[in-house]
Amino acid sequence: MATPTKSILITGAGLVGSLLSIYLRRRGYEVSIYERRGDMRKETVEAGRSINLALSDRGIKALQGVGIAEEVLQIAIPMHGRHLHQPDGSHAFQPYGKEGQYINSVSRHELNCKLLDLAEREGVHLHFHQRCDHVNWKKKEVHFAGPNETSTVPFDLLFGADGAYSATRLSHMLQHQKFDYQQYYIDCGYKELSIPAGAAGAFQLEKNALHIWPRGNYMLIALPNLDGSFTGTLFFPFEGETSFERLKTEADVEAFFRQTFPDLVPLVPDLARQFFHNPTSSLVTVKCFPWVRGDHFALIGDAAHAIVPFFGQGMNAGFEDCTVLAELMEQWGDDWEPILAEYQALRKPDGDAIADLAINNFTEMRARTADPKFLLQKKIEAWVHESHPDQWIPAYSQVTFSPHIRYSEALRNSQRQEAIMQEVMKDPDIAENWKREDVKERILAALRG
């Protein structure tokens, strides 16, 4: 067990920083979190910046590690699959996995508030309105700027959990001779569009599903909330013939949505107002290396591996970082140099892999889910998996429902399986003859080969 006097400092009171603090307190460490924003439990959160989260098995496993999964799941809604709203007005339901497998819609704000409450209950010291200015690595001190004064805080161990635009990472990067850094943006931004509850708090769409309106090079999604509303998010090009820059007036917006998302328009009476009131935000992927310094610093969560939200794994990946650290603490005790070295060796390949998987899933969600051939492919994969679950696991299930499979392994497997399915789908009679034993055997033989 760690000595209670060891001082651990975490920058960032977001989801990962809050959960990490609970893990560390449970091992006896003194833990302080410094957050540049105010306390979200007491201050109004700006509207329009709340992509709902999809809590799945990796994240649940991390919450179970400190015994809080059941409490968190009380504020979640199960989603058993994708409910597709096709351009021709038809609907299709695509289960996520086998019977009984689902992901959970949860409000980022509600979950973060819950984790902060739990951290505070554990004895974590929370400090808000404290912006990280820089880190003195020789003295092991962090300099913070508060509303009225600056402060210098010493640490034995520092975790940078301050998000995709991490100030802690910047200080680490600027004082490291060989720091690799890559960030890139996709061609789409996002805008939140809230779908209110109906009469008496009724859900206006199917409650237990993630709704997708796939439209080729853009899409709209909606996830349910406990109050009967849905948090909708439009992922849309910044520029071009159909883009944010072309929708300049309320009339433009209303005409576009009536033509493109006609079944959504009656559900959002203030659609045009929301469109212009809510901000348009960008989506970034961050890959970097190294994540650690000796025995006294590590990046974690989005600060180490920010990804786009199209596999629903950003939070789950950050929570899994906490799981891996906890397992390494069990192995190495209070010896942080091997803990951090092995944490980096394990999580860096997985962080890169889930970033690539998320980009690939964006293409799948916005374009391929409207393609009947793609839907048939997924039906075939599910059929093979049902009869041979130990040999064929669909890529989505590997990532979402198989926390024992590393992201890097899931990426390799998915690339191989996709190549096999592309060959199968070339069969001109596949639509009529797919449910035949010889088709199944062909797939399994290719997998074994």
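Axes are lines fitted to C-alpha atoms, for helices over the stretch in contact, and the angles between them run from 0 to 180 degrees between N-to-C directions. Helices (H or I, at least four residues) and strands (E, at least two) are DSSP runs, numbered from the N terminus. The model is a predicted one, in which local features need pLDDT of at least 70 and side-chain atom pairs count only at pLDDT 80 or more, while totals for chains, interfaces and linings use all residues. Residues are numbered from 1 along each chain as its sequence is written, and side-chain values use heavy atoms, with hydrogens and water left out.

The domain assignment of the chain, with bounds that come from an automatic or database domain assignment, gives domain 1 (7-75 + 103-182 + 285-347), domain 2 (184-282) and domain 3 (371-447). The centres of domain 1 and domain 3, taken over C-alpha atoms, are separated by 36 Å. Contact, meaning heavy atoms within 4.5 Å, is found between 13 residues of domain 1 and 11 residues of domain 3.

Two helix pairs were examined. The axes of helix 1 (residues 15-26) and helix 4 (residues 108-122) come within 9 Å and cross at roughly 25 degrees. Helix 1 and helix 4 are therefore roughly parallel to each other, given that angles under 35 degrees count as roughly parallel, over 145 as roughly antiparallel, 65 to 115 as roughly perpendicular and the rest as oblique. Leu15, Ser18, Ser21, Ile22, Arg25 and Arg26 of helix 1 meet Arg108, Leu111, Asn112, Leu115, Leu116, Leu118, Ala119 and Glu122 of helix 4. By class, this contact of helix 1 with helix 4 has seven nonpolar, three polar and four charged residues, where Ala, Val, Leu, Ile, Met, Phe, Trp, Tyr, Cys and Pro count as nonpolar, Asp, Glu, Lys and Arg as charged, and the others, Gly among them, as polar.

In the second pair, helix 11 (residues 372-387) and helix 15 (residues 437-448) pack with their axes 11 Å apart, at an angle of about 85 degrees, which makes helix 11 roughly perpendicular to helix 15. Here Ile380, Trp383, Val384 and Ser387 of helix 11 meet Glu437, Lys440, Ile443 and Leu444 of helix 15, and the residues of this contact divide into five nonpolar, one polar and two charged.

Strand pairing, which requires that DSSP find at least two bridges between two strands, gives an open sheet of three strands in the order 9-10-11, with antiparallel pairing. Strand 9 (131-136) and strand 11 (150-154) stand at the edges, each with a single partner strand, so one side of each is left without a neighbour in the sheet. Neighbouring strands of this sheet are turned against each other by 25 degrees on average, direction ignored. Strand 10 (residues 141-145) is joined to strand 11 by five bridges, and valine 142 has valine 153 in strand 11 as its bridge partner. Lysine 140, in the loop between strand 9 and strand 10, has a positive phi of about 55 degrees although it is not a glycine.

Another open sheet of three strands, likewise with antiparallel pairing, has the order 3-7-4. Strand 3 (53-55) and strand 4 (76-79) are its edges, each with a single partner strand, so one side of each lacks a neighbour in the sheet. The twist averages 40 degrees from one strand to the next. Four bridges pair strand 4 with strand 7 (residues 103-106) in the antiparallel sense, and the bridge partner of proline 78 in strand 7 is asparagine 104.
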